[in-house]
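Visitor: I'm new to this one. Can you walk me through it?
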Amino acid sequence: MKLGAMSRGFWWARCPLVGVLLAFSVPSHTGGQTPGGIRDWDDGIKYARGQNVVPVYEGWVPNPDGTFSLFFGFFNRNWEETVFIPVGPDNRIEPGQPDRRQPTVFTPRRGRTLFEIVVPKDFGNKEVIWTLTSRGKTERAFGALIPQEVLTRRMVLAGGSLAANAAAGDDDTGDERSANQPPTVTIDPVQPVTLPGRAALAASITDDGLSAGRLVRGGPGRVRVNWITYRGPAVVAFDPEATDLASSTGGKATTAATFAAPGTYVVRATVTAIGGLAVNKDVTLTVK
């Protein structure tokens, strides 16, 4: 289904990172990084459904212990359809184990910095490859320690916005010495669910209640908790999907999760503090 024309150049107005690397519409690509980059227009038409999902390499962060974290997201080219790709031949990470905690539920449009893969100090010029096959197309994202793709951990926590973090002075101060630190999140244990039952989910959040300079513009004004389906055979219905806490230093957010099919699910709570820094916390649920 076509929804209408889309303005060219819209992607660049939305993208906070320069040089996001990914494979785009190259079914047989097997080496190197596809030239160009991701864009929210293809043939100038918005498609409601029927399109494929593209894996995205967002960049890498040097860790204090000398290792490196490679960050990945995705681009679902549909404007309405959620695509399900279970871990396996059509959703795999190489080399090593195909399951590296990547998503299997791909909601419409862009999912940013959803998971990280830690590689050793001597990773050098090797690559980590995420392959997705959907709608008859195979797309690959190549994670490598490319100098132009280096990020800071704070950029990841702030959604990849270099400009906002530079304005706040965090690049000069250093993440570990910045007054504004990310929130912490715990989720209460959840018992197995028997259909048509629902699961009660509760997330406990603590935060320093601080913003960092101009970075507050990227924050929600209050501590916000969003619930999504990260893995599973169907989309989970949350009531509510999002909660704004009354206190800027945290509290408890609850939701009721309703399931359409049995299986194993990974539900994710994304907590965004008033300073704009966000963290994810996952919980696995068994539904019978």
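Visitor: Where is Thr-113 placed?
Guide: Thr-113 is in strand S9. Strands here are DSSP runs of E, at least two residues, and helices are runs of H or I, at least four, numbered from the N terminus. This is a predicted model; local features need pLDDT of at least 70, side-chain atom pairs count only at pLDDT 80 or more, and totals for chains, interfaces and linings use all residues. Residues are numbered from 1 along each chain as its sequence is written, and side-chain values use heavy atoms, with hydrogens and water left out.

Visitor: Is Thr-113 buried or exposed?
Guide: Thr-113 is buried, because its relative accessible area is 15%. Buried means under 20%, exposed over 50%, partly exposed in between (1.4 Å probe, protein chains only).

Visitor: Which residues is Thr-113 in contact with, leaving aside neighbours within four places in sequence?
Guide: Glu-58, Phe-71, Phe-72, Gly-73 and Val-156. Contact means heavy atoms within 4.5 Å.

Visitor: New topic. What gives the most to the lining of the largest pocket?
Guide: S9 does, with seven residues. The lining has 40 residues, and Arg-112 and Leu-114 are among those nearest the pocket's centre. A pocket is an open set of points on a 1 Å grid over the protein atoms alone, where a 1.4 Å probe fits, with protein on both sides within 12 Å along at least five of seven lines; lining residues have an atom within 4 Å of a point.

Visitor: And the whole chain, how many helices and strands?
Guide: Four helices and 19 strands. Of its 288 residues, 48% are buried.
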